[in-house]
Amino acid sequence: MTGETCVATALCPGSFDPVTLGHVDIIERSARHFDEVIVAVISNPQKTQSLFGLEERQELLEKALSHLGNVRIEFFKGLLVEFAKEHGADSIVKGLRAVSDFDYELQMAQMNQRLSGIDTFFLSTSPRYSFLSSSLVREVARFGGDVSGMVPRHVNDRLVEMFRGKEA
Ligand code: ADP
């Protein structure tokens, strides 16, 4: 024993456009297993059809995660493993919803391992959220569908406000 304290920090990366209860579940569970969790919001997403700007995504996330004292939110650009190194994070946590997530996530985890030695841990999604993705929430909300129960209440309120009277 050297007396040095070793802080285990994990990254939960994603676009969070917007944050869903599936995300909150994975982040809450990660926060139980790691000393610190950094929610890493991709600020140069490939996804061109974004709904919320970065600032609003951050606000919605902050409110959704305010009960978790060891979680903070940061933006990143470029390689996730570089961001991880800069922030002293030694692990990445991803949620696995279905087999369709697996191929891509496995490849990405192996690439990140090869690039930096950083390991990826997979949490199986809670069954009640296994169908849930931000893109589907955006699509349903856009057409006036009810997504309460899939996103935090304040996110639902924002979506309702955004699309009220303009289903198209
Ligand atoms: P989405 O895939 O919903 O568009 P993100 O790109 O923001 O959203 O997802 C970030 C990560 O959050 C995903 O890689 C996945 O690990 C996890 N995630 C998203 N939705 C769920 C869910 N319903 N259950 C478990 N994990 C999820």
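Predicted model: local features only at pLDDT ≥ 70, side-chain atom pairs only at ≥ 80, totals over all residues.

Me: How many salt bridges does a search of the whole structure find?
Reply: The search finds ten salt bridges, and one of them joins the side chains of Arg-138 and Asp-17, at 3.6 Å from N to O.

Me: Which parts does that pair tie together?
Reply: Arg-138 lies in helix H5 and Asp-17 in the loop between strand E1 (9–14) and helix H1 (21–33), so the pair links parts that are 121 residues apart in sequence.

Me: And are they buried or exposed, Arg-138 and Asp-17?
Reply: Arg-138 is buried, with a relative accessible area of 11%, and Asp-17 is buried as well, at 3%. Both residues also belong to a network of salt bridges that includes Arg-57.

Me: What about Glu-82 and Lys-85, where do they lie?
Reply: Both lie in helix H3 (residues 80–86), three residues apart, which is about one turn of the helix, and their side chains meet in a salt bridge of 3.6 Å, N to O. Glu-82 is partly exposed at 37% relative accessible area, and Lys-85 is partly exposed at 48%.

Me: Changing topic, which residues are buried in helix H6?
Reply: In H6, which spans residues 153–163, the buried residues are His-154, Val-155, Asn-156, Leu-159, Met-162 and Phe-163.

Me: What covers them?
Reply: The cover includes helix H2 (54–64) and helix H5 (134–142), and H5 is also the helix that holds Arg-138.

Notes. Residues numbered from 1 in each chain as written. Heavy atoms only, no water. Buried < 20%, exposed > 50% of the residue type's maximum accessible area, 1.4 Å probe, protein only. Helix = DSSP H or I, 4+ residues; strand = E, 2+ residues; numbered from the N terminus. Contact = heavy atoms within 4.5 Å. Salt bridge = Lys/Arg side-chain N within 4 Å of Asp/Glu carboxyl O.
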